[in-house]
Amino acid sequence: MRPYKYVRAQDVDGAVATLAEAPNAAFLAGGTNLVDLMKLEVMTPDMLVDVRRLTSDRVEGLDDGGLRIGAAVPNSVLAADHKIRSRYPALSQALLAGASGQLRNLATTGGNLLQHTRCVYWQDVTTPCNKREPGSGCSAIEGHNKNHAILGASEHCVATHPSDMAVAMAALDAFINVQGPEGERRIPIEELHRLPGDEPQRDTTLQHGELITSVDLPPVEFFSNSKYRKVRERASYAFALVSVAAALDIEDGIVGDVRIALGGVAHKPWRATKAEEALRGEPASEANFRAAADIELEDAQPLRDNAFKVPLARNVITRTLLDLSEEGR
Amino acid sequence: MKLRLMVNGESRETEVREGESLLYVLRERLGLFGSKNACEQGECGSCSVYLDGELVCACLVLAGQAEGSEVVTVEGLSEGERLHPVQEAFLEAGAVQCGFCTPGLIVAAHDLLSRNSEPTEAEVREALAGNLCRCTGYEKILTAVQMAAETTP
Ligand SMILES: Cc1cc2nc3c(=O)[nH]c(=O)nc-3n(C[C@H](O)[C@H](O)[C@H](O)COP(=O)(O)OP(=O)(O)OC[C@H]3O[C@@H](n4cnc5c(N)ncnc54)[C@H](O)[C@@H]3O)c2cc1C
Ligand code: FES
Ligand code: FES
């Protein structure tokens, strides 16, 4: 690991100001991703600003009836929160499907959202990678790409976003509250992560020095009928090949409203808006669920090793919506 | 920098370099070799300890982050020469081969049983998913945890 400076800021303003003046510094929260990447020398910040104790570590009610999750809330605490479990079960399930108990105790809400891809080439400093070293080329396009993207990738990068939690938050219309050198802003989660395009080195739309302070969940009643399903190569402790978070509002057998987001398929949590649109107002049937999934996956561009993700995603979407339509009756 | 910690009930102070992990501090500065360093990447759980009451991978915690915290390692579970029932059960069941994974597994099993005194096999498997063993094939570890569940007060 390269030498670096460790500092604990006094408050959020101090942390933001410190980073603004240090172009190679990074925020440190649970460290479960950043410290790992520093050991591999994939990331080499010269200063770590510890923010774990600066932002809220609580889940609180909002005036509009929604919930605010502090950026420092540990993944284990968020998963166990009774308000989350009853009103946004997909989020609790997604958290419990990720990592291990030891890691969930350390990992935070902010750090989980901003965790970096698990692409093996990005993690291996001896191989070319446009995300690590812009212009050096993408080793995954012609390499081992079973775990890579089938939607929204570019000729420069086919990496996927690894977070389970973020997929659930994408389905549940979360907002991300951020404080930066230029003040505060509130970003729909859809606009937090980005597709690689020709700047794969940028994972998100955040500017250097912008700190996530909390995440808001809106008060939507049918989100209590939501679910997270993750398919991986063993029953536990593995990243998703494909995952889906969905919420379904159903009345007299007709889909009133629906949210679907996919994990493991793209550079960001993939909100399946085309499938959602196709389903609103239609009978909640297996045939319709499958047809909607097909519409979403029409543009899928599988790589050599991951064509299986297309039928897998279709089946997982269909199965999850079927479960929700039975439970939501 | 100077680091102050409560380790296994004792207050300890030691000089550390920025960037050392808590695991390094425990092993190399404080001479507590129970917690093991295998992957040092959060994958194997052999470095599992309690940090302020929570089970964590000590290899991913930076020394600076642990300042002022309370740490309990596998050495802190026994009372003098008297082993904790979880440790007894691992010996009894023959759940130890090379032993590298054992301290981490014992702390993780201890954590599980403190939250859930009668776990099902599925619950044990899920709770220990972050602890890898390359020798035993896990069967005897599962047996040990069930035995410990029966004998832990
Ligand atoms: C062995 C292993 C298995 C795993 N399995 C899974 C899995 O199955 N599913 C899954 O979803 N995840 C998995 N993870 C990843 C884990 O969820 C992340 O490492 C964790 O959520 C990151 O949170 P953290 O607080 O530790 O972040 P850190 O490591 O502290 O930070 C991560 C990034 O976010 C930035 N950052 C942190 N907080 C903020 C903030 N408030 N504002 C702005 N920037 C910030 C940091 O600068 C850094 O770039 C696994 C990790 C390991 C090591
Ligand atoms: S050494 Fe810490 S998890 Fe492997
Ligand atoms: S006994 Fe050897 S790794 Fe578990």
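A residue is taken to be near a molecule if its C-beta atom, placed from the backbone, lies within 6 Å of that molecule. In this predicted model, 34 residues surround ligand 1 by that criterion, and the closest are A:Gly30, A:Gly98, A:Gly110, A:Gly111 and A:Asn112. The site is shared between chains, because the residues that surround ligand 1 come from chains A and B. Within chain A, the elements that give two or more residues to this shell are strand S2 (25-28), helix H2 (34-39), helix H6 (101-106), helix H7 (109-113) and strand S8 (211-217). By residue class, the shell around ligand 1 divides into 17 nonpolar, 14 polar and three charged residues.

Chain A itself is divided into domain 1, which covers residues 5-50, and domain 2, which covers residues 224-327. The centres of these two domains of chain A, taken over C-alpha atoms, are separated by 36 Å.

Strand S8 of chain A, which contributes to the shell around ligand 1, also belongs to an open sheet of five strands in the order S4-S5-S8-S6-S7, in which the pairing is antiparallel. Strand S4 (59-61) and strand S7 (183-188) of chain A stand at the edges of this sheet, and since each has a single partner strand, one side of each is left without a neighbour in the sheet. From one strand to the next, the twist averages 25°.

Strand S6 of chain A has antiparallel partners in both S7(A), over six bridges, and S8(A), over five bridges. With S7(A), S6(A) forms a hairpin that has two residues between the strands, and the bridge partner of A:Ile176 in S7(A) is A:Ile187. In the pairing with S8(A), the bridge partner of A:Phe175 is A:Asp216.

The contact between the chains takes 20 residues from chain A and 20 residues from chain B. On the side of chain B that touches chain A, strand S4 (54-57) and helix H4 (121-127) of chain B each supply at least two residues, and the largest share, four residues, comes from S4(B). The residues of this side of chain B divide into eight nonpolar, eight polar and four charged.

B:Asp52 is placed in the loop between strand S3 (48-51) and S4 of chain B, the latter being the strand that gives the largest share of the side touching chain A. With 13 C-beta neighbours inside 10 Å, B:Asp52 counts as partly exposed, a class that lies between 12 or fewer neighbours for exposed residues and 20 or more for buried ones. B:Tyr138 lies in the loop between H4 and helix H5 (139-151) of chain B, and because B:Tyr138 has 17 C-beta neighbours inside 10 Å, this residue likewise counts as partly exposed.

Conventions. Residues are numbered from 1 along each chain as its sequence is written. Chains are lettered from A and ligands numbered from 1 in the order in which they are written. This is a predicted model: local features need pLDDT of at least 70, side-chain atom pairs count only at pLDDT 80 or more; totals for chains, interfaces and linings use all residues. Domain bounds come from an automatic or database domain assignment. Ala, Val, Leu, Ile, Met, Phe, Trp, Tyr, Cys and Pro count as nonpolar, Asp, Glu, Lys and Arg as charged, and the others, Gly among them, as polar. Two residues are in contact if their C-beta atoms, placed from the backbone, lie within 7 Å. Two strands pair if DSSP finds at least two bridges between them. Axes are lines fitted to C-alpha atoms, for helices over the stretch in contact, and angles run from 0 to 180 degrees between N-to-C directions.
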